[in-house]
Amino acid sequence: MTDLSNENDQEQVNYSMMDKKRKYALLIEAHSKDLYKYALWLCKDKNMAEDVMQEAFLRAWKSLDSLREAKAAKGWLFTIFRREHARQFERKQFQYKDVESMDTIEDSSHMGYDDRPEAFALRNALKKLPEEYREPLEMQVLGGFSCDEIAGILDISSSAVMTRLFRARKKMRQILGHESAPQLGVVGE
Amino acid sequence: MNCLDFKRLALSDPSSRDHSFIEHSAQCPDCLKYVGSIRQMDADLSSSMDVEMPSDLMARLQLNQELTEEIETAEVIAINPMRRYAMAASFALALFVAGFMASNQFGSNNDISSDYQALLAGVVEHMNEQAITPVWSAERANSNANTLLASYAPEMKLKFLSNLQFSRICPMGQYKGLHASLETADGQVTFAFIKGDSVSELFDAGYEGYVSRVKPIRGGNLIIMSRTNKALQEADSQLEEAMYWDI
């Protein structure tokens with residue numbers, strides 16, 4: 001999960017008064033680990049994750065002047081990353097493995113993931129979710145984003161994010177056997 | 001807030017700071033347990049994806065920025081228009097000559113085995129996407145190239161090359177290595193050190209309008225690409241002297 005104390009420190013930083021280099025250094029220090037975790041999960045390949053991250057940070061550097069508030073930095077960076085990922089995915093699609101076919105124990109240990117069965121089951125449960133539910137859940141769990149922030153990044157309404165998260169967790173719990181049958185009403189999107 | 005509303009919100013946003021959500025969880029042990037199980041699932045899911053970030057990645061992100069900044073500065077000293085036309089004309093001429101040479105002296109792409117072809121294709125794709133910026137400080141280029149080499153192959157060093165151009169660390173897809181160029185009397189030569197298994201023997205070939213050399217070296221392969229054979233030979237002999245292993 002995200003280190004909240006670190007995040008609070010970050011939020012107090014006044015970016016508009018700061019030297020561009022210092023701003024960039026802070027961005028790397030504060031967010032590169034979370035972004036790498038997200039990148040590896042999305043790319044399913046270490047080299048590709050590193051490549052997309054490097055390109056994303058380079059793009060971030062080039063448009064760093066447009067970033068004024070530290071509290072917006074993470075969402076801003078993740079948005080750049082997602083765009084770069086989409087761009088590279090389009091270009092190098094042949095290098096990607098299909099999400100559904102991924103995550104054998106071998107893949108997990110190759111990527112450095114926890115290879116205990118419980119961890120493996122959780123990752124597989126997440127992969128079984130439809131993309132529209134999986135994406136906001138990944139952002140909330142891996143990126144530590146709020147519903148409003150996810151709404152901004154995905155360019156959908158907050159209520160739509162809430163609905164997708166509701167369905168995502170409900171489905172996860174069913175897959176993991178924490179909830180046997182639907183018991184709750186579904187909030188309309 | 002009733003239990004049903006609470007559970008709906010718990011599934012959407014288990015860390016909600018909504019007043020009625022917090023109040024309900026304090027009053028209803030079942031709902032408190034329910035939201036606790038969801039938070040636990042989130043925490044377990046997050047830790048199931050914990051990974052160590054490569055130790056050199058942060059340094060590479062920083063170095064990339066420094067290199068880009070240098071280029072931005074260098075680009076301020078613009079090349080004048082006439083010189084740009086002259087460069088374009090030279091480039092077109094070189095391309096024509098190299099294409100001719102490649103087809104006659106070095107064979108065609110079809111003669112290259114898949115191992116070599118993959119290396120050459122990787123480097124050419126990279127060259128096309130990440131052009132080397134032709135303005136650079138040799139000191140800076142040497143220092144940065146050595147920093148990058150050290151992160152890939154700690155025992156490998158590069159002696160000072162006054163004609164080295166190394167503009168930035170850039171993505172190389174499946175490969176890890178260094179992509180840089182040398183300014184020779186006969187034109188610019190691109191070379192790449194690609195870490196990995198070495199090919200069995202030195203191989204020269206014409207490839208995509210370049211004359212190319214794939215050379216097995218310790219810890220990987222050296223790929224040299226040029227528009228002319230003379231420049232390639234010159235660069236190869238310079239690199240032969242400059243690359244060494246500190247063991």
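## The A–B interface

Chain A puts 49 residues into the contact and chain B puts in 43, where contact means heavy atoms within 4.5 Å. This is a predicted model, where local features need pLDDT of at least 70, side-chain atom pairs count only at pLDDT 80 or more, and totals for chains, interfaces and linings use all residues. Residues are numbered from 1 along each chain as its sequence is written, chains are lettered from A in the order in which they are written, and side-chain values use heavy atoms, with hydrogens and water left out.

Between them, the two chains bury about 4300 Å², with 64% of that on carbon and sulfur atoms; buried area here is the accessible area (1.4 Å probe) lost on putting two parts together, summed over both. On the chain A side, Gln54(A), Arg169(A) and Arg173(A) give up the most area to chain B, together 15% of what that side buries.

## Salt bridges

There are two salt bridges between chain A and chain B (a side-chain nitrogen of Lys or Arg within 4 Å of a carboxyl oxygen of Asp or Glu). Arg169(A) pairs with Asp42(B) in a salt bridge, with the closest N and O atoms 2.8 Å apart.

## Helices α2 and α3 of chain A

Helix α2 (residues 20-43) and helix α3 (residues 46-62) of chain A have axes that come within 9 Å and cross at roughly 150°. Angles over 145 degrees count as roughly antiparallel, so that's the label for α2(A) and α3(A).

Residues meeting across this pair include Tyr24(A), Leu27(A) and Leu35(A) from α2(A), and Met53(A), Phe57(A) and Trp61(A) from α3(A). The contact's residues split into 15 nonpolar, one polar and four charged.

Notes: Axes are lines fitted to C-alpha atoms, for helices over the stretch in contact, and angles run from 0 to 180 degrees between N-to-C directions. Helices (H or I, at least four residues) and strands (E, at least two) are DSSP runs, numbered from the N terminus. Angles under 35 degrees count as roughly parallel, over 145 as roughly antiparallel, 65 to 115 as roughly perpendicular and the rest as oblique. Ala, Val, Leu, Ile, Met, Phe, Trp, Tyr, Cys and Pro count as nonpolar, Asp, Glu, Lys and Arg as charged, and the others, Gly among them, as polar.
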